[in-house]
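Here's a quick briefing for anyone meeting this structure for the first time. Have a look at it below, then read on.

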Amino acid sequence: MVHFVGAGPGAPDLITVRGQKYLENADIVIYAGSLVNKELLDIAPPDCEIYNSAEMTLEEVMDVIINNSDKDIVRLHTGDPSVYGAIREQEDILEKNDIDYDVCPGVSSMFGAAAALKAEYTLPGVSQSVIITRMAGRTPVPEKESIELLAEHGASMVIFLSAGMLDKLSEKLILGGYGPDSPAAIVYKATWEDEKKIITTVSGLASAAKENGINKTALVLVGGFLGDEYERSKLYDPGFTHGCREASK
Ligand code: SAH
């Protein structure tokens, strides 16, 4: 059995209880070494075989799994496996080889970053949607999903995998309608001990990153949710009735 497990954003106690149990029982762990906190490997039994997938190809990873399919294998991905996790290609090979697997969710870095900033992505009166995206790099992004087109929505944006291209990112955000002074943030290594969080503006992204020596392992957050204005929620409004509570007046 193979368990794809989300390791969480960095802090080792942000793995789920279920993910931790899978690790405790693992015969083999294949972890994404570039971003998964190595302290998590201490949870695995001492005789567990450990592989770092950062140094392996898809074929090499799958060979380890296929040759050991009678064992308990944890494939440990950073954050949540469904976000830029490249799990689909692994799942399809497991299907072809009739190997059982499941997926255990994890805390994505986008939530680690929001927590670091004590921010709420979905502020009433500001935005009720979150766009998760990235700049095109070696992996292309469909044209209809270019930053400038997505920026037109004015929704809260979380931009992954783009910390090395912030000049271009700002340009595209501004082309899409964000004012140069719109609030933006960079969160580096959210929830790790060396986490850095920087509040800046859309036009200030590149210089803020440079000043702080950040060019990877960071998320860029953009949108009015980082500002000061919003409306209070209906859910907790005394004048609003819903399934669990009658309006008080
Ligand atoms: N599945 C992961 C994302 C993997 S893609 C998740 O759910 O978080 C790798 C990118 O995620 C990095 O380039 C960076 O943009 C972001 N990232 C991962 N961990 C991070 C962290 N702790 N803090 C900030 N960004 C992080």
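Start with the ligand: one of its oxygen atoms is 2.8 Å from an N or O atom in the side chain of Ser108, which makes a polar contact (a pair of N or O atoms within 3.5 Å). On its own the ligand exposes 550 Å², and the protein buries 94% of that (Shrake-Rupley areas, 1.4 Å probe). Bear in mind that this is a predicted model, where local features need pLDDT of at least 70 and side-chain atom pairs count only at pLDDT 80 or more, while totals for chains, interfaces and linings use all residues. Residues are numbered from 1 along each chain as its sequence is written, and side-chain values use heavy atoms, leaving out hydrogens and water.

**Around the ligand**
- The ligand is surrounded by 18 residues (a heavy atom within 4 Å), and the closest are Val83, Ser108, Ser109, Ala190 and Ala218.
- By class, that shell has 11 nonpolar, five polar and two charged residues, with Gly counted as polar.

**Backbone contacts**
- Thr78 has a backbone N or O atom 2.9 Å from a nitrogen atom of the ligand.
- Asp80 also places a backbone N or O atom 2.9 Å from a ligand nitrogen atom.

**Salt bridges**
- The count comes to three salt bridges (a side-chain nitrogen of Lys or Arg within 4 Å of a carboxyl oxygen of Asp or Glu).
- Arg88 forms one with Asp92, their closest N and O atoms being 3.2 Å apart.

Methods. Polar contact = N/O pair within 3.5 Å; in protein donor to acceptor, adjacent residues only side chain to side chain.
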